[in-house]
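Take a look at the fold before moving on.

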Amino acid sequence: MKKIIIYTVGLIIISGASFFGAKVYTDSVYGEPNLASGQKLYNTNCAVCHGSKGLGDGVASNTLAVRPDNIFEELVNPFGFKYELISSVLDGDNGQDGLMPAFKGILTEKEVNDILEHVRHIN
């Protein structure tokens, strides 16, 4: 019985370390962010819906059927991956019944990373 408990605890620790190691690695593959570019791109493409700090409270948010996501909350979610957020921005929707427009062809992965890091920085 002791061995089963020890193996189970060990497996949980290894799984947790693997998950967070993968998160750290995948969140850093986009390189050093350009915060000035991120601020400019955010203000141009995102602020009207997501608000000045990315909290989902932009001037257009009250007119939408589904409230925009709080980007900062998504960024600090310990179980979320940055590539999921980047895909949501590029592909659109993100569970918003198609209300979030796709920015593929307008923004690159690197530019979306700059935007996300700008939101993290201002919060």
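Which residues are buried in helix H5 (residues 82-91)? They are Lys82, Leu85, Ile86, Ser88, Val89 and Leu90, where buried means under 20% relative accessible area, exposed means over 50%, and partly exposed lies in between (1.4 Å probe, protein chains only). Helices are DSSP runs of H or I with at least four residues, numbered from the N terminus.

This is a predicted model, in which local features need pLDDT of at least 70 and side-chain atom pairs count only at pLDDT 80 or more, while totals for chains, interfaces and linings use all residues. Residues are numbered from 1 along each chain as its sequence is written, and side-chain values use heavy atoms, with hydrogens and water left out.

**Helix H2 and the core**

- The largest nonpolar core has 18 residues; such a core is a set of buried Ala, Val, Leu, Ile, Met, Phe, Trp, Tyr and Cys residues joined through side-chain atoms within 4.5 Å.
- Two or more core residues come from each of helix H2 (35-45), helix H4 (71-76), H5 and helix H6 (109-122).
- Tyr42, Leu107, Val112 and Leu116 have the most contacts inside this core.
- In H2, Gly38, Leu41 and Tyr42 are buried. They fall within an arc of 105 degrees seen down the helix axis, so they line one face of H2; the arc is that of the directions from the axis to the C-beta atoms.
- Ala36, Lys40 and Thr44 are exposed on the other side of H2.
- H3, H4 and H6 are what the buried residues of H2 pack against.

- Histidine 50 lies in helix H3 (residues 47-50) and counts as buried because its relative accessible area is 10%.
- Beyond four places in sequence, histidine 50 is in contact (heavy atoms within 4.5 Å) with residues including Tyr42, Pro68, Ile71 and Met100.

**Exposed spots and a helix end**

- Isoleucine 13 is placed in helix H1 (residues 2-28) and is exposed because its relative accessibility is 57%.
- Valine 59 sits in the loop between H3 and H4, and its 72% relative accessibility is why it counts as exposed.
- The C-alpha atoms of valine 59 and alanine 47 are separated by 8.3 Å, with the two residues 12 apart along the chain.
- Glycine 92 follows H5 and has a positive phi, near 80 degrees.
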